[in-house]
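This report describes a predicted model.

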Amino acid sequence: MRPSDAARYDFSELEVLLVDDTPVGMMIAGQILTGLGVRKIYRCETVAAARPVLERCGPDLAIIDSLTGSQGYALVRWIRTEMPAPTCYIPILMTAAHTTPDDVAEAMSCGIDFLIKKPLSAQTLIERTGWICRADRPFVYSDVYIGPERRGPKSVPPALTGERRQASVTPADAAEAPIVPLRRAGGAS
Amino acid sequence: MTAPTRVVTPALRVCRLIRGPGGRTAADLAQAATDSVAQVAGSCEAELWTLLAAAERACAGLPRDRSGALAEIYALARRGVGAGAVCGRPQMDETLVGLCDLSHDLGRQTEGGAQAVAVHLEAWRLILQAPAGQSDAALLEGLATVRRRFAGTPVQVAP
């Protein structure tokens, strides 16, 4: 038993946005969330379907695939720059079946909390969500980046070592990743 | 003029909700979620067969439309990643990610690689036909060796 296994969580009241354009990805993530007890899951196969959900429902957590044509990164940027508080701050776990170095840099600069390589596992989802809730991670607004703070020792989850560490990366891993100018978000407090 | 960097620490609703009183241990939750995922093992396996058939058709089209066929194979392999772990064939996921790597690398080249794609599709079929839980490290190593032949090759510019 790992030390983190004894931590207690209640996922039942969470509202989770799930964006994945692959039937397999949607099915697996949906089953994991259902198994965790999440009762309200917004399943969207496209960015176009996800935007109105974000505007109307304000989910507590988003699991967004990188999507065909890297549309997932654009959706994350849109959330961080265009959505009002508190939705612009929601933790975002990005999943990806295949990543090139360019993809990783893009993922890290768009404002995600974690990039998780598929296959997605229940253990990974619990660990990452639990860490997000323990870390009190600052949120940064600058001309070139809007999203969870990417630097500093607190950005590296202590539990992520060894095999699983290779399966996901935090923005701290890519603090020096290329960054592109962003619009500043308005109305954030 | 550069605007100053601003830092806030938002109170996330997700934190309040999942750390509320009660709840279940992470170990219990992980087991429940794993059991839940196991319910779709059959669907995942069926999807892998469907994707394989489509990938084999796309592979047959490589000589006619190289870039289109490679893009199709990439998309099909990407769609299957994750299903292997659910239906007791984790090496399937490694094979599919490898096929993504291969088709991505081949997309940067103007010729060759059809046999390498075919070998990956044959491995895809073999893994699906084998009983769940069976592992073949030599097969994965062989595929990796094939991919290394095409990885990192500079883009060839047509004259």
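What percentage of the 189 residues of chain A count as buried? The value is 60%. Chain A contains six helices and nine strands. Among its contacts between residues at least 6 apart in sequence, 69% join residues at least 24 apart.

**The contact between the chains**

Chain A contributes 51 residues to the contact and chain B contributes 49 residues. About 4300 Å² is buried between chain B and chain A, and carbon and sulfur atoms give 63% of that area. On the chain B side, the residues that lose the most area to chain A are Arg6(B), Ile18(B) and Arg78(B), which together account for 18% of what that side buries.

From H1(A), the contact is made by Pro23(A), Val24(A), Met27(A) and Ile28(A); from H3(B), by Ser43(B), Cys44(B) and Glu47(B). By class, five of these residues are nonpolar, one is polar and one is charged.

| Helix | Residues | C-alpha span, end to end | Expected span |
|---|---|---|---|
| H3(A) | 71-82, twelve residues | 16 Å | 16 Å |

For H3(A), the reach is close to the expected value.

Nine of the twelve residues of H3(A) are buried, so this helix is largely enclosed by the rest of the structure. The buried residues are Gly72(A), Tyr73(A), Leu75(A), Val76(A), Arg77(A), Trp78(A), Ile79(A), Arg80(A) and Thr81(A).

In H3(B), the buried residues are Cys44(B), Glu47(B), Leu48(B), Leu51(B), Leu52(B), Ala54(B), Ala55(B), Ala58(B) and Cys59(B). They pack against H1 of chain A and, within chain B, against helix H4 (66-80), H5, H6 and helix H7 (114-129). Among these buried residues, Cys44(B) and Glu47(B) also take part in the contact with H1(A).

Thr129(A) lies in helix H5 of chain A, residues 122-135. Is Thr129(A) buried or exposed? Its relative accessibility is 1%, so Thr129(A) counts as buried. Leaving out residues up to four places away in sequence, Thr129(A) touches Phe11(A), Leu61(A) and Leu93(A), and from chain B Val14(B) and Ile18(B). Ile18(B) is also one of the chain B residues that lose the most area to chain A.

Arg89(B) sits in the loop between helix H5 (83-86) and helix H6 (90-106) of chain B. Arg89(B) has a relative accessible area of 6% and is buried. Not counting residues up to four places away in sequence, Arg89(B) touches Glu45(B), Gly84(B), Ile127(B), Leu128(B), Ala130(B), Pro131(B) and Ala132(B). Arg16(B) is 73 residues from Arg89(B) along the chain, and their C-alpha atoms are separated by 37 Å.

Ala6(A) is found in the segment before strand E1 (8-9) of chain A. With 42% relative accessibility, Ala6(A) counts as partly exposed. Ala6(A) and Thr124(A) are 118 residues apart in sequence, and their C-alpha atoms are 15 Å apart in space.

Methods. Residues are numbered from 1 along each chain as its sequence is written. Chains are lettered from A and ligands numbered from 1 in the order in which they are written. This is a predicted model: local features need pLDDT of at least 70, side-chain atom pairs count only at pLDDT 80 or more; totals for chains, interfaces and linings use all residues. Side-chain values use heavy atoms; hydrogens and water are left out. Helices (H or I, at least four residues) and strands (E, at least two) are DSSP runs, numbered from the N terminus. The expected span of a helix is 1.5 Å times one less than its number of residues. Buried means under 20% relative accessible area, exposed over 50%, partly exposed in between (1.4 Å probe, protein chains only). Contact means heavy atoms within 4.5 Å. Ala, Val, Leu, Ile, Met, Phe, Trp, Tyr, Cys and Pro count as nonpolar, Asp, Glu, Lys and Arg as charged, and the others, Gly among them, as polar. Buried area is the accessible area (1.4 Å probe) that two parts lose on being put together, summed over both.
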